[in-house]
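Thanks for coming. Please have a look at the structure on the screen before I start.

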Amino acid sequence: MKNNLLRKSVSVLLCVALLLGCGGLVGYAADVSWEQYWDDYVSDGSALYMSPGSSETSRGFSWFSPADSGKCFVEISPNSDMMDSLIFYGKSVITPQKDKRNRVTVTGLSLNAEYYYRYGNGDVRSETYSFSTLPSNDFSAFYTTDIHIAESSSDEFSIRDRSYNLDRTLSAAFEKNDDISLILSGGDQASNGLRSEYVGLVASPYFTKIPFATTIGNHDRKAPTYRYFKNVPNENDKYITSSYIGSDYWFVKGDVLFFMLDTNNTSAEDHRNLIKRAVALNPDVKWRVAVFHHDLYGGRIESRESDNRLMRKILTPIFDEFKLDLVLMGHSHYYTISNVIFDDKTVLETAELDEVTNPEGTVYMVSGSINNPRADNDGVVPPLGENAGKSYLTMEKIYNIIDFTENSISIHSYTVESGEEFESFTITKTTKNGGHPDSKPGFMDVVLRYISVIAGFFNNIGRTLDYLQTYIFG
Ligand SMILES: [Fe+2]
Ligand SMILES: [Fe+2]
């Protein structure tokens, strides 16, 4: 009863906030409360979201439909009345709930264009949505991590309210910068890995308009749902080991090659192979950015440091070898931007800098969680890693807008509550490689990489047995 009262109060507050004019560039109608919108959204059950395609000229779409629904398709047109439309068909997989998750990839899009689309199965078509493609290589991305769309329990009210928080955070970001054309998430989108969480995750109408690229967090692995939910381009299907729910993938946006890595899989050999293949296919793309879940250099959670040391040993030689510019991470829920790192060591301290030009290494950034922020531990400030350059401790929620241009990547970090920019940091490169030194993996790097494959193999057996126990035999 007490909980119900609390929920009602939160709901009323949310509605008041909405009526006070938090309207976004896209969204539910201003005269509809989030509660009404949410009820309609959940009863529809499609949970449509758009993902990036392999490049800007393609997009992925995925949604749920009943088991007896017909063949899945996306109809796309340059006209709002859907004249001259093209239809792309896709594939469906049967989910553990015995309905379908449909996946369609639309290709051959023009740049600098607006498109309208409907998705459907058989004779059933959705309403019309729209999106646009980039006019040039410059773009901005919204970066968040550890959305944790449900609190520790997965009750629908916490998902509804946190989904609203995500929608409002996106709206605040778009009010600052309406050139945002990509949403990046560094894992732990869910807390429990449940379907209700992934449905709630993409409730905001922004996810029908802006491509959403996710990585796998340790919490996403708690159940197999993400395996059915995702629709990602260039997913690594030549792996030695991978998590049951997915593996690494890559895509190009503007002049940036993104590596979306599943670092729950310890197999560094698989991560290296994915990066190597993507680079070979896109040798002229100037910027290289990795996104994954685990925080390598923040150092705020001492109990994780022995694991982090190991991860740094096996992963950073790969990032040096392929001259990565920026790595985006999460997991610790503590905001940090590292020093410039090469060979797992600081080569340039960033604490007092706003910009680095042609850095001789990689910058590693962790954003705070937008739903589960952490600051001090009962008044004790947690320690900072020796290679962490910039940090910000706050119980406020954080979001980031990252501007990608021909010569620079600029990170702008804001708190949701104040809307203030508390940090900005720019990486500038005047040539394709900037200041990155050439680097080849050493003998011990290779040995450790192969040990990490064996570790990944056993780790995944354990996780698969957990799934079987919980979801098949449990
Ligand atoms: Fe998390
Ligand atoms: Fe995590």
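This is a predicted model: local features need pLDDT of at least 70, side-chain atom pairs count only at pLDDT 80 or more; totals for chains, interfaces and linings use all residues.

Residues are numbered from 1 along each chain as its sequence is written, and chains are lettered from A and ligands numbered from 1 in the order in which they are written.

Helices (H or I, at least four residues) and strands (E, at least two) are DSSP runs, numbered from the N terminus.

The helix is H7, residues 305-321. At leucine 315, H7 bends by about 35 degrees, and proline 317 follows within four residues. The bend is the angle between axes fitted to the seven residues ending at a residue and the seven starting there. Just after H7, lysine 323 has a positive phi of about 55 degrees.

Now the sheet. It is open, with 4 strands in the order E1-E2-E6-E5 and antiparallel pairing. Two strands pair if DSSP finds at least two bridges between them. Strands E1 (49-52) and E5 (91-94) are the edges, each pairing on one side only.

Lastly, the loops. Lysine 98 sits between E5 and E6, with a positive phi near 70 degrees. Is lysine 98 buried or exposed? Lysine 98 counts as exposed because it has 8 C-beta neighbours inside 10 Å; exposed means 12 or fewer other C-beta atoms within 10 Å, buried 20 or more, and partly exposed in between, with C-beta atoms placed from the backbone. Asparagine 234, between H5 and E13, has 20 such neighbours, so asparagine 234 counts as buried.

Notes. The expected span of a helix is 1.5 Å times one less than its number of residues.
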